[in-house]
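Me: Please take a close look at one part of this model. I would like a connected account of a single residue and its surroundings, then whatever else can be said about the helices.

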Amino acid sequence: RSSLAHILMSRDGPALQPGTRSYARSWVRDGAMMVAALLRLGEVDAAVEFVDWFAGYLFDNGKVPCCVDRRGSDPVVENDSHGQYLYAVAEVWRHTRDPAWLGRHWAKVARVAEYLETLRQSERIPANREGGRAAWWGLMPASISHEGYSDKPMHSYWDDFWALRGLRDAVVIAKALGHEAEVARFAPRRDEFERELVASIRT
């Protein structure tokens, strides 16, 4: 109950914030995990309001900003954010089963899924076929999603695990809305990404 109170007290309108002392901004990574907590604790309205609000700050090409503040969407490259948005949408669906709400997010969900595919394909290049770069084949590109990487973007399995979660949930959402063409397009990408992630870990 104390943790729930801290989440709710730290809200700025619909924006969930990781704390009031250091962060006058809303991060999708923190927000997605707080959405999961709120839903499990019965605070559905707060979770829905955050996802609706954050969705308004997605970039037109499907890129999900790592965070939002009074200046708007932060363009810094953090490749965990796309999967986190997809997960948050799917979590609301799993708890509410509201098809009308889910349908309102569909266009953005589809764009984010396509953006993830663009990122995935950017690392499926000949230079990543062998040698020290082979472990990067088909994964998310380097980013600064870990604060320790802010001086130099790095490849991070944190990004890849969230990307896989997002690809799985994109299929869940497409199935829930009866978009069979997108299911047929997204599912093989999900499966291929998972295989290449496992291969990378083994490498």
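**Arginine 29 and its surroundings**

Reply: Leaving aside neighbours within four places in sequence, arginine 29 is in contact with Glu78, Asp80, Gln84, Ser145, Glu147 and Trp158. The model is a predicted one. Arginine 29 itself belongs to helix α2, which covers residues 28-40. Its relative accessible area is 10%, and because buried means under 20%, arginine 29 counts as buried.

Next, helix α4, which takes in residues 81-96. Its 16 residues, at 1.5 Å a residue, should span 22 Å, and the end C-alpha atoms are 23 Å apart, so the two values agree. Of those 16 residues, 13 are buried, so α4 is largely enclosed by the rest of the structure. Just after α4 comes arginine 97, with a positive phi of about 50°.

Last, a residue in another helix. Alanine 187 sits in helix α7, residues 180-202. With a relative accessible area of 14%, alanine 187 is under the 20% cut-off and is therefore buried. The C-alpha atom of alanine 187 is separated by 8.7 Å from that of alanine 170, and the two residues are 17 residues apart along the chain.

Notes: Residues numbered from 1 in each chain as written. Predicted model: local features only at pLDDT ≥ 70, side-chain atom pairs only at ≥ 80, totals over all residues. Heavy atoms only, no water. Helix = DSSP H or I, 4+ residues; strand = E, 2+ residues; numbered from the N terminus. Buried < 20%, exposed > 50% of the residue type's maximum accessible area, 1.4 Å probe, protein only. Contact = heavy atoms within 4.5 Å. Expected span 1.5 Å × (residues − 1).
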